Amino acid sequence: MSYEQIKDLPPPEFNRLCGVHIATFKKMVEVLKPELVRSGKKGGQPKLSVEDHLLVALEYWREYRTYFHISKSWGIHESTVCRIVRKVENILIKSGAFRLPGKKELQAAYEWKVLVVDVTETPIERPKKKQRRYYSAKKKRHTFKAQLVVDQASGKILCTAYGVGRIHDFRLWRNTKVRFHTSQLCLALQGYQGIAKLHPNSCIPSRKPPGENLSTPERQHNRHLASLRIVGEHLNRRLKIFRILKEQYRNRRKRFGLRCNLIAGLINYELALFS
């Protein structure tokens with residue numbers, strides 16, 4: 001389905017089809033055009049327009065069908081689909097238009113007062129080597145972990161980090177050396193026991209004592225903390241609208257972080273666009 005066939009769709013339907021708003025799509029096309037338009041250049045002209053190049057990539061991220069099935073839909077070879085997806089990803093990342101702030105800016109930007117740390121997991125195919133490194137006891141399968149640091153007020157993803165399925169969430173946070181300013185409040189899950197030693201201004205749920213029940217103030221504290229941390233769960237859901245991050249990841253693992261960062265950057269762009 002080419003861009004000419006869907007450009008007049010209502011915005012909600014366009015968003016459901018492509019995973020991004022029409023305004024975000026046009027911004028992505030604007031970034032891609034200087035690199036993909038070949039008018040006046042030597043060599044042959046591409047069969048697909050810039051908009052169709054982007055639609056091929058979005059279809060791959062959104063639906064995560066195989067290159068073979070997408071190639072049959074567009075009437076091109078499956079190796080061409082692979083080249084288009086990689087080319088679009090590389091151009092969008094290098095442009096900086098959808099770049100995340102990064103962990104170096106966390107301490108410099110004081111407008112981020114309350115930060116939420118959360119981890120989501122994506123299943124992967126069973127590795128041929130070092131299978132135990134990727135096995136997640138929580139999910140009972142081989143996974144990749146993606147750690148998100150989110151601004152609680154705006155829902156903006158500030159930085160990401162990645163690890164194998166076996167690594168504990170708190171160890172992943174320590175290994176990535178993400179540090180916050182002392183004035184920033186960090187909200188984390190119960191698995192982050194000991195985070196107060198590295199960042200005193202932290203808050204985690206109260207733990208139920210063995211054989212006892214939580215007191216009323218502790219239950220109220222946990223409920224209030226969960227209501228603040230829910231922004232992280234909402235962002236996990238938005239990331240996994242793109243099924244490449246939800247279903248079993250079939251590609252080479254070294255490109256997983258690039259794709260996750262790019263999709264997170266698109267979400268940030270739309271949050272800023274409609275805020």
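This is a predicted model: local features need pLDDT of at least 70, side-chain atom pairs count only at pLDDT 80 or more; totals for chains, interfaces and linings use all residues.
Local features need pLDDT of at least 70 and side-chain atom pairs count only at pLDDT 80 or more, while totals for chains, interfaces and linings use all residues. Residues are numbered from 1 along each chain as its sequence is written, and side-chain values use heavy atoms, with hydrogens and water left out.

The chain holds eleven helices and six strands. Helices (H or I, at least four residues) and strands (E, at least two) are DSSP runs, numbered from the N terminus. The C-alpha trace spans about 70 × 45 × 35 Å along its principal axes. Of the 275 residues, 46% count as buried. Buried means under 20% relative accessible area, exposed means over 50%, and partly exposed lies in between (1.4 Å probe, protein chains only). The accessible surface comes to about 15200 Å². Carbon and sulfur atoms account for 51% of that surface. These areas come from the Shrake-Rupley method with a 1.4 Å probe; for residues, only the protein chains shown count as cover. A contact means heavy atoms within 4.5 Å. Among contacts between residues at least 6 apart in sequence, 61% join residues at least 24 apart.

Start inside. A nonpolar core is a set of buried Ala, Val, Leu, Ile, Met, Phe, Trp, Tyr and Cys residues joined through side-chain atoms within 4.5 Å. The largest one has 62 residues. Within it, Phe25, Trp61, Leu92 and Ile244 touch the most other members. Helix 4 (residues 50-63) gives the largest share of this core, eight residues. A second, separate core has 16 residues, including Leu106, Val117, Val149 and Phe180.

Tyrosine 64 sits in the loop between helix 4 and helix 5. Its phi is near 55 degrees, a positive value in a residue other than glycine. Most residues other than glycine have a negative phi. Tyrosine 64 is buried, at 3% relative accessible area.

Next comes helix 5 (residues 67-74). Its buried residues are Tyr67, Ile70, Ser71 and Trp74. They cover an arc of only 105 degrees around the axis, so they lie on the same side of helix 5. The arc is that of the directions from the helix axis to the C-beta atoms. These buried residues pack against helix 4, helix 6 (78-95) and helix 11 (256-273). Just after helix 5, glycine 75 takes a positive phi of about 75 degrees.

Now the strands. Nine of the ten residues of strand 1 (residues 114-123) are buried, so the rest of the structure largely encloses this strand. Two strands pair if DSSP finds at least two bridges between them. Strand 1 pairs with strand 3 (residues 141-151) in the antiparallel sense, over nine bridges. There, leucine 115 stands opposite aspartate 151. Strand 1 also pairs with strand 5 (residues 185-187), in the parallel sense and over three bridges. Valine 114 stands opposite leucine 185 in strand 5.

Helix 8 (residues 169-176) has Asp169, Phe170, Leu172, Trp173 and Thr176 buried. Their arc around the axis is only 160 degrees, which puts them on the same side of helix 8. They pack against strand 1, strand 3, strand 4 (157-164) and helix 9 (195-198). Just after helix 8, lysine 177 takes a positive phi of about 55 degrees.

Last, the charges. A salt bridge is a side-chain nitrogen of Lys or Arg within 4 Å of a carboxyl oxygen of Asp or Glu. The count comes to 13. Glutamate 247 and arginine 243 form one, at 2.6 Å from N to O. Glutamate 247 is partly exposed at 28%, and arginine 243 is partly exposed at 30%. Bridges that share partners join Glu121, Lys138, Lys145 and Asp169 into one network. Arginine 238 bridges to glutamate 270, with the closest N and O atoms 3.4 Å apart. Arginine 238 lies in helix 10 (residues 216-239) and glutamate 270 in helix 11, so this pair ties together parts 32 residues apart in sequence. Arginine 238 is partly exposed at 23% relative accessibility, whereas glutamate 270 is buried at 9%.
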